[in-house]
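Have the viewer open as you read.

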Amino acid sequence: MSETMLWTLYDRACESRRDDAILVDPDSVRICDAIDYDFAGRFGHTVGSFSARAAEIDRLLQDWLERHPKGLIVSLGEGLETQARRVDNGHMTWLTVDLPPAIELREQFLPSSRRFRYVASSVFEPAWADGIKANADVFVVAQGLFMYLQPDAVRRLFIQIAERFPGAEIAFDAIPRWFSGLTQWGVMPTPRYRLPPMPWGINGDEIAMRLHDWSPDIEALHTFEYRAPRGWPKLAADLCRLHPLAKQHLPFLVHVKLKDR
């Protein structure tokens with residue numbers, strides 16, 4: 001069982017339990033309560049940053065579903081993310097692509113159905129896209145994925161998506177270079193948990209040029225901020241955002257619209 005999926009699950013569940021929650025996620029609370037695991041001992045106090053990230057992507061998806069109510073959302077490497085249930089409009093379809101152990105665990109708590117389908121596969125295997133109609137309205141989400149890949153793997157996957165789904169939209173998050181480097185040296189937010197290496201980092205002022213270098217099919221690109229909702233992590237991020245240069249060294253979200261051929 002991947003600890004990263006448990007870490008983000010715990011953050012969303014803790015946030016959802018708060019009276020001032022920025023994310024309402026009863027499924028995460030249910031799943032967290034059902035798993036016999038020392039979440040607090042392992043991950044310590046949650047700050048809500050993963051919940052803030054999820055809430056921003058929820059909003060992107062909800063806006064897109066207003067324009068494409070019967071569209072297909074493809075979520076890559078989502079682990080135990082419950083986003084599909086939070087944004088469901090009753091008409092959309094959802095495809096989760098993740099490694100077999102993650103899909104097996106996901107089926108226990110979030111069973112697949114006609115509209116919520118799972119593919120147990122590496123995201124790099126092209127076969128997961130074979131069943132998607134060429135003219136389908138598609139939104140691809142890669143939440144909490146790219147930073148764990150090698151830089152060339154991120155490039156190859158982005159190009160694969162851009163070539164396979166003309167007219168689609170893509171959302172993903174990125175971490176700055178300094179934090180990527182720190183994780184490869186070793187960061188322990190608690191005495192019992194060491195962050196996994198995150199080889200791919202990029203600063204906010206570099207992302208547009210990088211993606212346009214990778215693909216000529218980008219029609220529009222926007223970056224979004226997200227931050228912990230309270231406490232010292234929010235204060236630290238707010239202070240960084242006061243300085244234009246420091247602002248480029250914070251985590252961020254990217255929303256891409258591809259050209260329709």
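**A sheet and its salt bridges**

Helix α6 (residues 100-109) lies across β2 (93-98) and β3, running at about 150° to β3. Here helices (H or I, at least four residues) and strands (E, at least two) are DSSP runs numbered from the N terminus, and axes are lines fitted to C-alpha atoms, for helices over the stretch in contact (heavy atoms within 4.5 Å), with angles from 0 to 180 degrees between N-to-C directions. This is a predicted model: local features need pLDDT of at least 70, side-chain atom pairs count only at pLDDT 80 or more, and totals for chains, interfaces and linings use all residues. Residues are numbered from 1 along each chain as its sequence is written, and side-chain values use heavy atoms, leaving out hydrogens and water.

Now the sheet: seven strands make it up, open and mixed in pairing, in the order β3-β2-β1-β4-β5-β7-β6; two strands pair if DSSP finds at least two bridges between them. β3 (116-120) and β6 (218-225) sit at the edges with a single partner strand each, so one side of each has no neighbour in the sheet. β6 runs antiparallel to β7 (residues 252-258), joined by seven bridges.

On to charges: there are 21 salt bridges (a side-chain nitrogen of Lys or Arg within 4 Å of a carboxyl oxygen of Asp or Glu). Arginine 67 pairs with glutamate 169, closest N and O atoms 3.4 Å apart. Arginine 67 is in helix α4 (residues 49-67) and glutamate 169 in strand β5 (residues 169-174), so the pair ties together parts 102 residues apart in sequence.
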